[in-house]
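Please walk me through this protein model, piece by piece.

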Amino acid sequence: MPRGRMRLLMLLFLGFLSLAAQGASISFKAVAIGEQDGWIVLDLVQHYVLSDTMLEALENGVPLTFATEIVIDPEDASFWRSALGRRIVRRQLSFHPLAGEYEVLDLGAGTQRRFATRDAALLALGDLKGEKIIRSSALRKGRYYRVSIQTANDIGELPLPLRPKAYLFPGWHLSSKVYEWRLQP
């Protein structure tokens, strides 16, 4: 096959892949951080728009796992130093076709909630309240800290036969932008 034709086919393939993932997103609608009972806690509202590929898998009973990573570190910390505080909240969205219900499972707490509609389940998936990040005693008064949050679909949690395809196909790659701000206790 001539090189020009191969390049054209490759560009068409990449264009097709990017269209497949178009419109899917995870965005942050509200973020609040505060202190409660000696802990720095986070309230977070996220908005999920799944790709067609993910929706099809979900409707066929494939559970989707999302990980929200929260990192807190002194603003002047060196690059090589590990984070002062790191918490990963893992939640799983699944659909039970026989019952016609969606389920949101908090994998850390082991709690589950069931919903009649996918929209209600997606709202619940993005609603984190009172997530403990780090003991407030670990932070020094007057010092600035950097807090960052990012949520992503965890492809490694998909059923094994789907993983190779999911790693290659953009319709499975869904993550939020990194949301970052300064904190001074």
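Glu59 is partly exposed, with a relative accessible area of 28%. Here buried means under 20% relative accessible area, exposed means over 50%, and partly exposed lies in between (1.4 Å probe, protein chains only). Arg118 is also partly exposed, and its relative accessible area is 28%. This is a predicted model, in which local features need pLDDT of at least 70 and side-chain atom pairs count only at pLDDT 80 or more, while totals for chains, interfaces and linings use all residues. Residues are numbered from 1 along each chain as its sequence is written, and side-chain values use heavy atoms, with hydrogens and water left out.

The side chains of Glu59 and Arg118 form a salt bridge, at 3.0 Å from N to O. A salt bridge is a side-chain nitrogen of Lys or Arg within 4 Å of a carboxyl oxygen of Asp or Glu. This pair links distant parts of the chain: Glu59 sits in helix H2 (residues 52–59) and Arg118 in helix H3, 59 residues apart. Helices (H or I, at least four residues) and strands (E, at least two) are DSSP runs, numbered from the N terminus. A search of the whole structure finds eleven salt bridges.

Arg90 lies in strand S4 and Asp154 in the loop between strand S8 (145–153) and H4, so the pair ties together parts that are 64 residues apart in sequence. Arg90 is partly exposed, with a relative accessible area of 25%. The side chain of Arg90 also meets that of Glu157 in a salt bridge, this time at 3.4 Å, N to O. Glu157 too is in the loop between S8 and H4, 67 residues apart from Arg90. At 39% relative accessibility, Glu157 counts as partly exposed. Through shared partners, the salt bridges join Arg90, Asp154 and Glu157 into one network.

Now go back to helix H3, which spans residues 118–125. Which of its residues are buried? They are Ala121, Leu122, Ala124 and Leu125. These residues cover an arc of only 160° around the axis, which puts them on the same side of H3. The arc is that of the directions from the helix axis to the C-beta atoms. On the other side of H3, Asp119 and Leu123 are exposed. What covers the buried residues includes several strands, among them S2 (39–49), S3 (64–74) and S7 (127–135). At the start of H3, a side-chain oxygen of Thr117 comes to within 3.2 Å of the backbone nitrogen of Ala120.

Next comes the sheet. Six strands form an open sheet in the order S6-S5-S4-S3-S8-S9, with antiparallel pairing. Two strands pair if DSSP finds at least two bridges between them. S6 and S9 stand at the edges, each with a single partner strand, so one side of each is left without a neighbour in the sheet. On average, neighbouring strands are turned by 15° against each other, direction ignored. Inside the sheet, S3 and S4 pair over nine bridges in the antiparallel sense. Ile70 stands opposite Arg87 in S4. Helix H2 packs on the sheet, touching S3, S4, S5 and S8, and its direction makes about 60° with that of S4. Axes are lines fitted to C-alpha atoms, for helices over the stretch in contact, and angles run from 0 to 180 degrees between N-to-C directions.

Another pairing joins strand S1 (residues 25–36) to S2. These two are antiparallel and share eleven bridges. Ala30 stands opposite Val45 in S2. The hairpin of S1 and S2 has two residues between the strands, and Asp37 takes a positive phi near 50° there.

Two residues remain. Is Ser176 buried or exposed? At 4% relative accessibility, Ser176 counts as buried. Ser176 lies in the loop between helix H4 (163–168) and strand S9 (179–183). Not counting residues up to four places away in sequence, Ser176 touches Ile26, Phe28, Gln150 and Thr151. Contact means heavy atoms within 4.5 Å. Pro185 is in the segment after S9. Pro185 is partly exposed, with a relative accessible area of 34%. The C-alpha atoms of Pro185 and Arg140 are separated by 7.0 Å, although the two residues are 45 residues apart along the chain. Leaving aside neighbours within four places in sequence, the contacts of Pro185 include Leu139, Arg140 and Tyr145.

Methods:
A polar contact is a pair of N or O atoms within 3.5 Å; within protein, one must be able to donate a hydrogen and the other to accept it, and residues adjacent in sequence count only if both atoms are side-chain atoms.
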